[in-house]
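Subject: Structure for you, with notes

Hello,

Here is the structure I promised to pass on. My notes follow below it.

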Amino acid sequence: MRIAIAGAGNVGRSIAQELIDNGHQVMLIERQPKMLRPDRVPTADWVLADACELASLEEANVAGCDVVVAATGDDKVNLVVSLLAKTEFAVPRVVARVNRAENEWLFTEQWGVDVSVSKPRVMAALVEEAVTVGDLVRLMTFRQGEANLVEITLPPTAPYVGQPIHAVPIPRDAALVAILRGKRVLVPTPDDPIEAGDELVFVCTAEVEDDVRAVILGPESTGRQRERA
């Protein structure tokens with residue numbers, strides 16, 4: 001893919017290097033000359049420009065990008081970049097960094113954002129994922145809440161422990177995409193059994209999260225979750 005990243009600070013450079021290592025073509029757009037450090041990510045294309053200016057994005061051929069990442073440290077800039085990328089250049093996928101948690105509500109499709117990444121929310125999800133057994137933890141939201149990446153660590157009392165995946169009545173609009181077992185990542189097949197301690201990773205809509213929880217952990221788990229909420 002061809003990917004443009006607005007903001008060449010530590011976050012932008014880190015994203016760029018990771019994407020380049022995965023075989024993608026990356027362009028870093030930075031408006032401050034002192035932040036232009038091509039030696040840090042030498043295989044990226046570096047552009048000195050203001051990503052909030054329409055002419056700059058046209059010159060950089062943002063319209064030819066598959067993804068735009070608004071990764072600056074300023075939420076206002078990230079919103080403007082996202083809106084321009086989506087409305088003026090019809091970029092298929094726009095990912096925006098949220099720096100301040102109180103601004104998270106702004107990062108919606110109305111501003112051209114397909115996926116927003118809030119560091120506080122991600123950190124909280126990782127903490128929950130690390131310590132929570134026997135409950136559903138939301139790790140990430142896609143498409144403005146239409147679909148979520150969720151994880152459940154199975155306790156020994158889970159109803160389908162020891163049974164194959166094909167015996168588990170996974171709800172509609174939910175898909176089991178991975179099983180984390182110790183240090184292994186398993187791509188689930190219908191005959192694979194699930195075991196106590198497995199981390200089951202699902203992609204599902206928000207509407208069926210309770211159904212997934214009830215199936216995997218038992219109907220009583222939904223009531224416990226609501227009491228805690």
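First, a term: two strands pair if DSSP finds at least two bridges between them. Helices (H or I, at least four residues) and strands (E, at least two) are DSSP runs, numbered from the N terminus. This is a predicted model: local features need pLDDT of at least 70, side-chain atom pairs count only at pLDDT 80 or more, and totals for chains, interfaces and linings use all residues. Residues are numbered from 1 along each chain as its sequence is written, and side-chain values use heavy atoms, with hydrogens and water left out.

**Overview**

The chain has 6 helices and 11 strands. Of its 229 residues, 44% are buried. Buried means under 20% relative accessible area, exposed over 50%, and partly exposed in between (1.4 Å probe, protein chains only). Take the contacts between residues at least 6 apart in sequence: 54% of them join residues at least 24 apart. Contact means heavy atoms within 4.5 Å.

**The sheet**

Six strands make an open sheet, with parallel pairing. The order is β3-β2-β1-β4-β5-β6. β3 (45–48) and β6 (115–118) are the edge strands, and each pairs on one side only. From one strand to the next, the twist averages 20 degrees.

Look at β5 (residues 93–98). It is joined to β6 by 4 bridges, and the two run parallel. A96 stands opposite S116 in β6. Helix α3 packs on the sheet and touches β1, β4 (67–70) and β5. The direction of α3 makes about 175 degrees with that of β5. For such angles, axes are lines fitted to C-alpha atoms, for helices over the stretch in contact, and angles run from 0 to 180 degrees between N-to-C directions.

β4 is also joined to β5 by 4 bridges, again running parallel. Here A96 is the bridge partner of A70. β5 is mostly covered, with 5 of its 6 residues buried.

**Cavity and pocket**

Both terms come from a 1 Å grid over the protein atoms alone. A cavity is a set of points where a 1.4 Å probe fits but cannot get out. A pocket is an open set with protein on both sides within 12 Å along at least five of seven lines. Lining residues have an atom within 4 Å of a point. Grid points are joined across faces, edges and corners, and a volume is the space filled by probe spheres set on the points.

There is 1 cavity of 30 Å³ or more. The largest cavity holds about 30 Å³ of space. Its lining is A4, A6, I29, L57, V62, V68, V81 and A85. β1 (2–6) and α3 (75–87) each supply at least two of the lining residues. What is the class make-up of this lining? It has 8 nonpolar, no polar and no charged residues. Ala, Val, Leu, Ile, Met, Phe, Trp, Tyr, Cys and Pro count as nonpolar, Asp, Glu, Lys and Arg as charged, and the others, Gly among them, as polar.

The second largest pocket holds about 330 Å³ of space. It is lined by 14 residues, and the closest to its centre are I15, V69, V95, A96 and V117. Two or more lining residues come from each of α1 (10–21), β4, β5, β6 and β7 (136–142). β5 gives the largest share, 4 residues. By class, this lining has 11 nonpolar, no polar and 3 charged residues.

**Loops and positive phi**

Most residues other than glycine have a negative phi, and most peptide bonds are trans. Two residues other than glycine have a positive phi here, as listed next.

- N61 has a phi near 55 degrees, a positive value. N61 is in the loop between α2 (54–59) and β4. Its relative accessible area is 42%, so N61 is partly exposed.
- D173 has a phi near 70 degrees, also positive. D173 is in the loop between β8 (147–153) and β9 (174–181). With a relative accessible area of 49%, D173 is partly exposed.

Q110 is in the loop between β5 and β6. Q110 counts as exposed because its relative accessibility is 60%. Between Q110 and K86 there are 9.8 Å in space, C-alpha to C-alpha, and the two are 24 residues apart in sequence.

Last, helix α5 (residues 209–217). Its buried residues include E209, V212, R213, V215, I216 and L217. G218 follows α5 and has a positive phi, near 105 degrees.

Best wishes
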